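Hi,

Here is the structure I promised to pass on.

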Amino acid sequence: MTVATPHQRTLPKQADPNAPLLVVEDLKTYFTLESGTVKAVDGVSFRLDQGEALGIAGESGCGKTTTALSLLRLLPSNASIVGGSVKLMGIDLVPKSDNALRRYRWREISIVFQGAMNALNPVQRVRDQIAEPIEERMGVSASAARKRAGELLELVGIPKARGRGYPHELSGGMRQRAMIAMALACDPAIVIGDEPTTALDVMVQAQILQLLEDLRAKLGLSLILITHDLSVIAETCDRVMVMYAGRVAEEGPVSEVFARPRHPYTRALLAAYPNIHADRRTLEVIPGSPPDLRDPPPGCRFAPRCTFAMDVCSVEVPPDVTFGDVRVACHLFPAGGDGAATGGAAS
Amino acid sequence: MSASPVLLEPTGGRTRRWTTRAVGWRSFLSRLLHRPEGAIGVAIIVFFAVLALAPGIFVGPLETVTNSSGKRLEPPSLQHLLGTDNLGRDVLNLTVHGARISMLIGLLATVVTLVIGALLGIVSGFVGGRTDTVIMRITDFFLVLPTFVLALIIAPIVLDIIGTGEILGIRTTLFVIVIVIGITSWATTARIIRSQTMSVKERAFIDRARVIGSGPWRMMRVHILPNVTGLIVANAVLIFAGAILTETTLAFIGLGDPFAPSWGQILGASQDAGAPGLGAWWWYVSPGVCIVLVVLAFTLIGGALDDLLNPKARRRR
Amino acid sequence: MGSRYLLRRILQAMLTIAGIVVLNFILFRAMPGSPERMSHNPNQSAAARADLRARWGLDQPLFPDQFARYISTTLQGDLGQSYKYKGQDVTEVIANRVWPTIILFGLGELIAIAVGLVLGAYSGWKRGGVVDYAGNGASLILYSMPYFLLGMILLVIFATALGWFPTAGMFTLGETYSSFSDQLLDFAHHLVLPLAAVSLGLIGQYSILMRSSVIETRSEDYITTATAKGLSESRVLRGHAVPNALLPTVSLIGINLGFIIAGAITVEVVFSWPGLGTLTQEALEARDYPVLQAIFLILAVTVVFANLVADIVYGRLDPRVRT
C-alpha cells in the first residue's frame, strides 16, 4: 500500500464520479430526552468539494459536532436523523441501514475527536489501534497492517517505536497526532476534525495545524474542521460555515466572510475576538445565552440576542440568500438586496 | 454516590436552618417516589414497617411451644395460610412477628454502623494529617477482613461474657448481634463520609468559620454534618439491606434467639428440623420471601437515590 | 509488569496479615474469660491441658511473653486441640474439611465468572429488550436472596419433590464403590445442587456488576471512535468495551470474595456438605474456640491472598498502573 493520491483512490461501487464530494441538504437531527425533544440540528445544508477545507464555527451547543456525527450516524441511542440527505459522491447515506453504512465509515469519512485522551482506547497499544481498521476493513494481514501503522505514525511525526506504547504514555500533542494517523489509516476521502486543537497549548496547536496542512497537500485530503476558534479556521480553511442554535447563519469563502461578515452573529463572533494590535479595551461579549433547543424561539433563533432584531425576525425563519459565493440567513439581507442574485441554499 | 443534593450554608437562626432542610427533604422525597423503583421500594418498606410496629394487631401474640395453634408441619390451608412448623406454630404468625425482630435489628445495627462510620469518617476527613492516616489504615484493614466471620466469632465470646437476659428491653442475644454487626460493618460508610467531608472542607465557609474561631467539634457538627447527611441517608439504605442479610445469616447458623425469632432464626430452625428434606417448603419460603422483598426494596431505593444524587449518570439512560 | 506495583501490594498484604494475627490474638487470648476459653477443653486429659498451658505460655503475662509464644506456636502450625473432636489437633480437623470447600467454591466461582460476565456484558451492551430486563430482574432477585435460601429452595424442588438429586452430603452414606469413576459420578451427583446454589447467587452478582460497568464504558469516547472506524458491533464489544469494562469488575470480584464467605458457610450447612462451612457451624454450636480461631485465621488470610491475586490480575489488564 502506497500513500494514495486523489487519482489512485478506489471509489465505492455506487459512487457517481461526476457528483460533488459531499452535499448535505436540510439535515435534521433531533435528540429525545425525558424532558422533551432537542432540535440540535434543524435544517443544515452545505457542500464540500474535493480538496477543500471547510470550517464549521459556532459556540458550544450550536450543533456543529452533532452535524459531523450525523454524517456517519455516530449518534447516541437517543438521537436520530429525522430529515434531510447526506450525499457522499452522490450516494445518500441517510436511508442506508447501519450495516450498509459501515462500508463508508473510516474508508470514506474518518474523524479526529477532541481531547484524544478519551478517544483512544486506554488498554490497547497505539500501533494496534491504528492497525485495527486497516486489518479489519481493508482485508490486510495483521503484520502488514502493523507495518502500515508504523508508516502512518512516521507520517505524522511520531517515531515508530512509540507506537508500541499506550495512549497514556504519550503527550497531548502526540496523542492528537496519533489520532490523525489513525484517521488516515483507510485512506479516506474526507477527514473531519472535531475541535482537534482545543485541548492543546498554542505551540502544539500550531504544529498540528501545520501537519494537517501538509497532509492535505500531500494526500489531497478534504477536511471538515469543527471549532469555536475562528483563528484556526482563518489559518487552515478555504470556506467557513457559521452555525447558531442548530441552523446555518452564514457560509462562504473564509476571506470574504471574515473580511465582510453579514450576519449579526458572525459579526459579533469576529468582534469578540480580541485584536492583539488594537488599543486595549474591554472584551466584547454577546449578551444572553443560546436558546433551549427543546423549545427554540420561532423565527430567527438569534433574534433574542441580536442588536439589529426587527419584528419579522421573531416571526419568520429567515430564508437562505446567496450573494456571490456567500450564503446568509438573515432578514437584514433579503433576496434581491445587496446587489446579488436571489436564491436558496448553495447548490 | 457523590455530592449531597443541596449544599447548606447555615444562615443563622435555628428556625431558618430547619426550614431549609425540611423543604429540601420534601421535594427530594417526591422526586424519589416519582421513579418506579423508588415507589415500589418505599411501598414494600412501609408495608413491613407497619407489620413490624405492631405485629400483635395483625396476628395476635407470638406463638410458642405452649400455645401453638395447629398440628405439626401442616401445609398451607385456610386456617393456617402459611402452614405450620414442626411445633405446630402458625407460620404466618411467626413470620409477622419475625418482621418486627428482623427490622428492629436491622434498624439498630444500621444506626450503630452509621454512627461509628460517620464519626470516624468526619473526624478523619476533617482533621486530616496523622489522625486521618491512622483511621484510614484501620478502615482499610476492616475492609479487607471477612467481617462476617469476625462477627461470627465475636458474638459467642461477647455472649459468653455478658450472659443471657435482657439489656435495655431487648434480649441479650439480639443486642449483641446488633453491636457485633455495627462494629464490623462501619468501614465502607467511613470511607464514603470521609471523602465527602474532604470535599466539603474545601468550601469557603469553612475558612470563614475557622477565622471566627469556631472549634473543630463545632465546625464538624454545624458545618460538615448537614452537608453529609444526604450521603449518610443514601448509604443508610444499603447498610440496612446488608444488616438484615447479615443478621439473617448469623441467625441461620445458630446465633439467633429462639424466644425472639427473626426471619433468619425461623430459617435456621427449619433447616435444623430438616424442612427442605421433608418437603415443608412453606416453613422457610414465607420468611425467605419477606427477606428477599425487603432487601430488594432497599436495593431499588438505593439505586433510585443513586440516580438522583448522581446527575452525571442521568445523562444517558 | 511494574515490580514496584507488585512489591507495594505484597507489602500491604503482609501488613494486613500481621494485623489479622494480632487481632486473632486479642480476640482469643486477651478478652475476658481467656485464656481459659482457649484451654478449657473437656476432651483433653489434665496432662495434655497442662502441656498446652506451658506451650502457649498461658500463665505468663500477655505482652510480650504470651504474644511471642502465640506467634511462634501459630507459625509452627500448633493451633491447639479441638473441643468437639475429642482433642484432635485443630490443624488435622481443618485439613479434613478444606478440600470439599475448595472444590465447591472453586468451581462455583469459575462458572459464575464465565457465565456472569458474559451475561452482564451482553445485557449491558444491548440495554433494553427482553434478555436485558428478564436477566436484570432475575439478577436483582438473586442478588437480594441469601445463598442458603436459594439452596433450600433448590433442595426442596429438585431433591425432595423431583428426586433427581440427593438431599445431603458429598457421597452416599455407607456406599462402596466398584471403581473410581463410580465414586466420581456419585460425587458429581451430590455436587450439582450445592454448586447450582453457589453459582446462581454469584452469577446474579457478577452479571449486575459487569452490566453496569459495560453501560458506563459504552458512553466513553473511544467506543464512538471504534464505531466510527466501521468495526462490527461484536468487535467493538469484544475488543474495546469488554477489556475496559473488565477492570473495575475484576477489582470488585476480588473484594467480593470476603463477602461471599457468609454464603459459603450457609450453603454448606443447607446441603450438609462436609466442608469448612459446616465445620464452622459445628464449632459455633459447641463453642469450640480453638477451631473457630483457626478458621478465622485461615479464612482471613485466604481473603487477603485472594485480594492480592485480584490486584495482580488487575495490574496485568490495566497498563496504566504498571509504573
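**Chain A: overall build**

Of the 347 residues in chain A, 45% count as buried. Keep in mind as you read that this is a predicted model.

Chain A holds ten helices and twelve strands. Its radius of gyration comes out at 21 Å, close to the 20 Å that the globule rule gives for 347 residues, so chain A is as compact as a globular protein of that length. As for how the chain folds back on itself, take the contacts in chain A with a separation of 6 or more: residues 24 or more positions apart account for 63% of them.

**The sheet in chain A**

What is the strand order in the open sheet of chain A? Its eight strands run β6-β7-β8-β3-β9-β10-β12-β11, and the pairing is mixed. At the edges sit β6 (109-112) and β11 (321-323) of chain A, each of which pairs on one side only. From one strand to the next, the twist averages 20 degrees.

One pairing to look at is β7 (residues 190-194) with β8 (residues 222-227) of chain A, which is parallel over five bridges. Within that stretch, Ile190(A) has Ser222(A) in β8(A) as its bridge partner. There is also a helix to find here: α1 (residues 64-71) of chain A lies across β3 (53-57), β6, β7, β8 and β9 of chain A. Relative to β8(A), helix α1 of chain A runs at about 145 degrees.

Mean pLDDT for chain A is 85, with 92% of its residues at 70 or more. Among its elements, strand β9 (residues 239-244) of chain A has the highest confidence, at a mean of 94, and helix α3 (residues 116-119) of chain A the lowest, at 78.

Two stretches need some care if you set up calculations. Residues 1-7 of chain A stay under 50 in pLDDT, and the model gives them eight contacts beyond four places in sequence. Residues 339-347 of chain A also stay under 50, with 17 such contacts.

**Chain C**

Chain C has twelve helices and zero strands. Its C-alpha atoms fill a box of roughly 80 × 55 × 35 Å along the principal axes. Of its 323 residues, 43% are buried. For contacts in chain C between residues at least 6 apart in sequence, 71% join residues at least 24 apart.

Cheers

Notes:
Residues numbered from 1 in each chain as written. Chains lettered and ligands numbered in written order. Predicted model: local features only at pLDDT ≥ 70, side-chain atom pairs only at ≥ 80, totals over all residues. Helix = DSSP H or I, 4+ residues; strand = E, 2+ residues; numbered from the N terminus. Buried ≥ 20, exposed ≤ 12 C-beta atoms within 10 Å, placed from the backbone. Contact = placed C-beta atoms within 7 Å. pLDDT = per-residue confidence, 0-100. Pairing = 2+ DSSP bridges. Axes fitted to C-alpha atoms, helices over the stretch in contact; angles between N-to-C directions. Rg over C-alpha atoms; globule rule 2.2 N^0.38 Å.
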